[in-house]
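Visitor: Could you walk me through this model, starting with the loops and then moving on to the sheet and the cores?

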Amino acid sequence: MDFVDLEQYIGIDELEMRTHSIKILQNYIEQFMLNIPFEAIDVFNGDSITMDVETNLEKFIKYHRGGLCYENNFVTNRYLKSRGFDTKLISGYVKPPNSDWKEMDTHLSTIVSINEKDYIADTGFGHFPSQPIPLDGQYIYDETDIYRIVPSNQAKDAYYVQTIEQNKIQHNQWTDLLYFENTDRTREYFDKRFDFTVNHPDYAFKKILMVNKKTLSGHNTMSLNHVTITTESGKERIEVTSKNYRDLLQKYFGLDVIIPRLEK
């Protein structure tokens, strides 16, 4: 599969990617997240999505869209593998704020091994670090937060990604973001949960709008009610209305999409 168009679109160099260094992997994740948002608009609109890599590359590059983990992260997994990285396709589930855990296998991500050290390389989570997170517990600093990965006792080779605000580290009250198993999965393994994601009426993104895109100074997030612009100096909130939502999508996320529920 030819990924040259993806490299040109997000601004990375094929020859550098073949060096397989942590610095180059970090640059890929950052450039992907700066150019391709996490967005659940198709599912929210009731449209279909796919895990087909060529279809999603066209969606990203030709139509300037983003996608869910099944789209963004699966492209990342196949791209990194094509450039010779040692990768695993892994499964897990995300814990939304103040909510129970989601269904297992509803999050797909990638583990990359570099110099016998494992890292999560995730480009399809939403608000997440734009750099690899090592599985050995090392702290990763991103914007105003700290991230780490710690072992779980739920299963063999299972882990949690946790986060805490930098100014609250003294309280040691970490929040679980993601549970995952360090087990290599096949593409077919995800078919059942992919169907749940796309078709089940209780799936979260059928009910809520979520768009998130990294910026050079922070990140932008959009819900049905607000766009929140987070920078080093703080947060700005803009109310979303039927009259301004398309302009907001274009300005802060580079998206030209109609959302029928916001047209009313």
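Guide: At 39% relative accessibility, His 64 counts as partly exposed, a class lying between buried, under 20% relative accessible area, and exposed, over 50%, with a 1.4 Å probe and protein chains only. This is a predicted model, in which local features need pLDDT of at least 70, side-chain atom pairs count only at pLDDT 80 or more, and totals for chains, interfaces and linings use all residues. Residues are numbered from 1 along each chain as its sequence is written, and side-chain values use heavy atoms, with hydrogens and water left out.

Visitor: Where does His 64 sit?

Guide: His 64 is in the loop between helix 5 (53-61) and helix 6 (69-82), where helices (H or I, at least four residues) and strands (E, at least two) are DSSP runs numbered from the N terminus. Its phi is near 55°, a positive value in a residue other than glycine. Most residues other than glycine have a negative phi.

Visitor: And Asp 105, is that one buried or exposed?

Guide: Asp 105 is buried, with a relative accessible area of 12%. Asp 105 lies in the loop between strand 2 (86-94) and strand 3 (107-114), and has a positive phi of about 70° although it is not a glycine.

Visitor: On to the sheet, then: what is the strand order?

Guide: Eight strands form an open sheet in the order 5-4-3-2-9-8-7-6, with antiparallel pairing; two strands pair if DSSP finds at least two bridges between them. Strand 5 and strand 6 (140-142) are the edge strands, each pairing on one side only. Helix 6 packs on the sheet, touching strand 2 and strand 3, and its direction makes about 25° with that of strand 3. Contact here means heavy atoms within 4.5 Å, and axes are lines fitted to C-alpha atoms, for helices over the stretch in contact, with angles running from 0 to 180 degrees between N-to-C directions.

Visitor: How many bridges does strand 2 make to strand 3, and how many to strand 9?

Guide: Seven bridges join strand 2 to strand 3, with Thr 87 partnered by Val 112 in strand 3. Four bridges join strand 2 to strand 9 (residues 175-181), where the bridge partner of Tyr 93 is Tyr 179. Strand 2 is mostly covered, since seven of its nine residues are buried.

Visitor: Last topic: which residues have the most contacts inside the largest nonpolar core?

Guide: That core has 40 residues, and those with the most contacts inside it are Leu 6, Met 17, Leu 25, Tyr 28, Tyr 79, Leu 80 and Leu 108. A nonpolar core is a set of buried Ala, Val, Leu, Ile, Met, Phe, Trp, Tyr and Cys residues joined through side-chain atoms within 4.5 Å. Apart from it lies another core, of 18 residues, among them Phe 44, Leu 209, Tyr 252 and Ile 259.

Visitor: What does Met 17 touch?

Guide: Not counting residues up to four places away in sequence, Met 17 touches Ile 12, Ile 24, Tyr 28, Tyr 79, Leu 80, Arg 83 and Phe 85.
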